[in-house]
Amino acid sequence: MPTTDDEFVAQTRAERTRLVGLLEDLGPEQWQHPSLCRGWRVREVLAHMTMPYRGSRAGFMAGLIKARFSFDRYADRDARATTASTSDAALVALLRDNIDHPWRPPGGGKAGALSHDVIHGLDMTEPLGLPAPPAERVALVLRNTTARNLRYFGVDLDGSKLVATDTDVAIGEGTEVRLPVVDLLLVVTGRRTLAAATRGRAA
């Protein structure tokens, strides 16, 4: 059955709550650890996650204009400026205070909000060896992944059908490759290559 808006909202709140519980116990070296987002440490990823809760629409537009309408350039500048002026504890508090925030990415709706938090959460927790979200929450993100999303991440599944081993979800067409659902999401978002994911499973 189709996922309801209430289910997306509940899962988004649960994911933010889960991340707060993990992040509030990080030490200085963990905050400095490289994330899965190239060029960003764990702290820059959290700063990016809190961007919707800071500033105003006018401020966002002004920053986007300065970045020559490149959202990636704007987001990078914002994350770096925020971590330079805001403590890690304050960033965690900002996430905690906005667990119920209704932000939705443009064009992404409630499914997009959940995807944003789950994917960037993995950007932080995977390199640190911290627990992943529940398999069904990750599957919910994947079930709402579109061809447009894959193009955005520049992913070519190269004739492979990725099938989760721990929940009921599959993506792509072709030769079947079975992976845990977290690895599947990391592959389709360009965080991990399919070859690396399958090698990791073989090891």
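Tutor: The side chains of D78 and R54 meet in a salt bridge, with 2.8 Å from N to O; the term requires a side-chain nitrogen of Lys or Arg within 4 Å of a carboxyl oxygen of Asp or Glu. Because D78 lies in helix α5 (residues 71–85) and R54 in the loop between α3 (42–49) and α4 (57–66), this pair ties together parts that are 24 residues apart in sequence. Helices (H or I, at least four residues) and strands (E, at least two) are DSSP runs, numbered from the N terminus. The model is a predicted one, in which local features need pLDDT of at least 70 and side-chain atom pairs count only at pLDDT 80 or more, while totals for chains, interfaces and linings use all residues. Residues are numbered from 1 along each chain as its sequence is written, and side-chain values use heavy atoms, with hydrogens and water left out.

In general, side chains of opposite charge can pair when their charged atoms come close.

Aromatic rings come next. The structure has 3 aromatic pairs, where rings of Phe, Tyr and Trp (its six-membered ring) pair if their centres lie within 6.5 Å, and planes under 30 degrees apart count as stacked, over 60 as edge-to-face and the rest as tilted. The rings of F60 and Y74 have their centres 5.2 Å apart and their planes at 85°, so this pair is edge-to-face. Since F60 lies in helix α4 and Y74 in helix α5, the pair ties together parts that are 14 residues apart in sequence. F60 counts as partly exposed at 25% relative accessibility, while Y74 counts as buried at 12%. Y74 also forms a tilted aromatic pair with F71, 6.5 Å centre to centre and with 50° between the planes. F71 and Y74 both lie in α5, 3 residues apart, about one turn of the helix, and F71 is partly exposed, with a relative accessible area of 36%. Together, F60, F71 and Y74 form one aromatic cluster.

F71 leads on to the open space in the model. The largest pocket has a volume of about 2000 Å³. Of the 45 residues that line this pocket, the closest to its centre are H48, F71, P105, H116 and Y152. The elements that give two or more residues to its lining are α4, α5, α7, α9 (147–153) and α10. By residue type, the lining divides into 20 nonpolar, 16 polar and 9 charged, with Ala, Val, Leu, Ile, Met, Phe, Trp, Tyr, Cys and Pro counted as nonpolar, Asp, Glu, Lys and Arg as charged, and the others, Gly among them, as polar. The search runs on a 1 Å grid over the protein atoms alone: a cavity is a set of points where a 1.4 Å probe fits but cannot get out, a pocket is an open set with protein on both sides within 12 Å along at least five of seven lines, and lining residues have an atom within 4 Å of a point. Grid points are joined across faces, edges and corners, and a volume is the space filled by probe spheres set on the points.

One of the elements in that lining is α10. Because 8 of the 8 residues of helix α10 (residues 181–188) are buried, this helix is largely enclosed by the rest of the structure. α10 is followed by G190, whose phi is positive, near 75°. The buried residues of α8 pack against α1, α7 and α10, where contact means heavy atoms within 4.5 Å.

Finally, a whole-structure search finds 15 salt bridges. One of them joins the side chains of R16 and D117 at 2.6 Å, N to O, and links helix α1 (residues 5–23) with helix α7 (residues 109–128), the two residues being 101 apart. Both R16 and D117 are buried.

Definitions and conventions:
Buried means under 20% relative accessible area, exposed over 50%, partly exposed in between (1.4 Å probe, protein chains only).
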